[in-house]
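Could you walk me through this model in my viewer, one selection at a time? I would like to know what to click on next and what I will find there.

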Amino acid sequence: MEALLIFIVLIGLILLGVPIAVSLGITSIGAFVLLGESQNLLMMAQRMYASTTGFTLLAIPFFILAGNLMNTCGITRKIFDFAEASVGHVWGGLGQVNIIASVIFSGMSGAAVADAAGLGMIEIKAMTDSGYDKKFSAAITAASSTIGPVIPPSIPFVIYGAMTGVSVGSLFLAGFLPGILMAVTMIIAVSIISRKRNYPRQPKQSFGKRLEAFKKAFLPLLMPVIIIGGILSGWFTATEAAVVACIYALLLDGLVYHELSLKKIIGILTNTVIHTVKVMFIISAAGFFGWLLTFLKVPEQIIITLTSISDNKYILLLIIIGILIVLGMFLEGIAVLMITIPIFMPIILQLGVDPIQFGVVMILASMIGLLSPPVGMCLYAVSSISDVKIGALSKEVSPYIVGIFIVLLAVAAIPQISLLIPNLFR
């Protein structure tokens, strides 16, 4: 009963518009006071600090910085142009370009909102100028941006790895195939919708123009190869890979593109600091909230409750997935991970589910949350740059949510989808 009241208060505060990190902090403090355990508040600063000091978490600001650098120095434009030259002529042309560009960009930034904000403005303008409906353009932009945190590198995987001790490199590899499957379901949906609405197709590009677009995009395309190749070869860790991504982006601009100026660099650094602080504030507050749940033995209570319902791991996985999706509709994805990982990991280990597989399940579920009102971060990001209202965008994005959900169920039911590639490198 105490745990239920705590979650009701937390969600209530968020629905009232209180920032997520503040809601987590207020709920935790209030619970300890009302329970007569005020002395535990002395541990608040220590618990919040400890939640943010893991070496793996250093990857977060550097991946955010890498994404900002690429958005500013023109790399995203070259990626889009290459994708357009490659698949712009098929049904749903620029919609398919939108997806392919997100797949490529996902190998660099690791953040859905960075994809939505960076490629989004380019993609939506190109699609609407070519005769596509703005709602359709905005919806596929929001949906395709969720591929970013699944295909490596991935900030959510970094957080999951830091909290569970699971190899971040293995998690990166585990996300590759599910990310491709996400892209395939979206490509199918775009093709069906485009045929039905008779959207235009781009003229097929000649081999020479395709080759020219590839040459311009070749150096940016090397970035995911360097990141993943370096991790697999043991040259650097996932955290060091984030630093390498930043250095590579700076070298590309300094030696080839020459887009950055001192003013732009200051803006990039400022934006990176702001986004990093937001993420870390949520992580620190969620760390204290997690300690409250542990103090109240909420994980043990949930284990007893779920295992009393069924001992079938697939039924329990479905229940957990349902809980994750519902929480994702109200909480930011990182907050969901921070709150639920300590609760669900003991259950997962007891059921014999591979922690790597479950990590992919959690991230896929959180991607559905990014596209679901009332707190869908990608919906709000794309709505702000496209001037499409949240209600209309939510309706238009529903076919892609169904596609992600199908992939999520497949990953939960078939372990090899997520474990095939990591097992090759064990």
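Happy to! Keep in mind that this is a predicted model. Start by selecting Tyr400 and showing its neighbours: leaving aside residues up to four places away in sequence, Tyr400 touches Phe136, Ala139, Ile140 and Ala143, along with Met186, Ala189, Val190 and Ile193.

Now widen the view to the core. Tyr400 belongs to the largest nonpolar core, which has 151 residues. Together with Ile60, Ile283, Phe289 and Phe358, Tyr400 is listed among the residues with the most contacts inside that core.

Move on to helix α15 (residues 313–328) and helix α17 (residues 355–370), whose axes lie 8 Å apart at an angle of about 35°. Their crossing is right-handed. Which residues in α15 and α17 meet? From α15, select Leu317, Ile320, Ile321, Leu324, Ile325 and Gly328; from α17, select Phe358, Val361, Met362, Ala365, Ile368 and Gly369. By class, this contact has ten nonpolar residues, two polar and no charged.

For the last stop, pick helix α8 (residues 134–145) and helix α18 (residues 377–386), which pack at about 140° with axes 9 Å apart. Here α8 passes α18 in a right-handed crossing. On the α8 side, show Lys134, Ala138, Thr141, Ala142 and Ser145, which meet Cys378, Val382 and Ser386 of α18. The contact of α8 with α18 divides into four nonpolar, three polar and one charged residues.

Key. Residues numbered from 1 in each chain as written. Predicted model: local features only at pLDDT ≥ 70, side-chain atom pairs only at ≥ 80, totals over all residues. Heavy atoms only, no water. Axes fitted to C-alpha atoms, helices over the stretch in contact; angles between N-to-C directions. Helix = DSSP H or I, 4+ residues; strand = E, 2+ residues; numbered from the N terminus. Left-handed = near helix turned anticlockwise from the far one by under 90°. Contact = heavy atoms within 4.5 Å. Nonpolar A, V, L, I, M, F, W, Y, C, P; charged D, E, K, R; others polar. Core = buried A, V, L, I, M, F, W, Y, C linked by side-chain atoms within 4.5 Å. Buried < 20%, exposed > 50% of the residue type's maximum accessible area, 1.4 Å probe, protein only.
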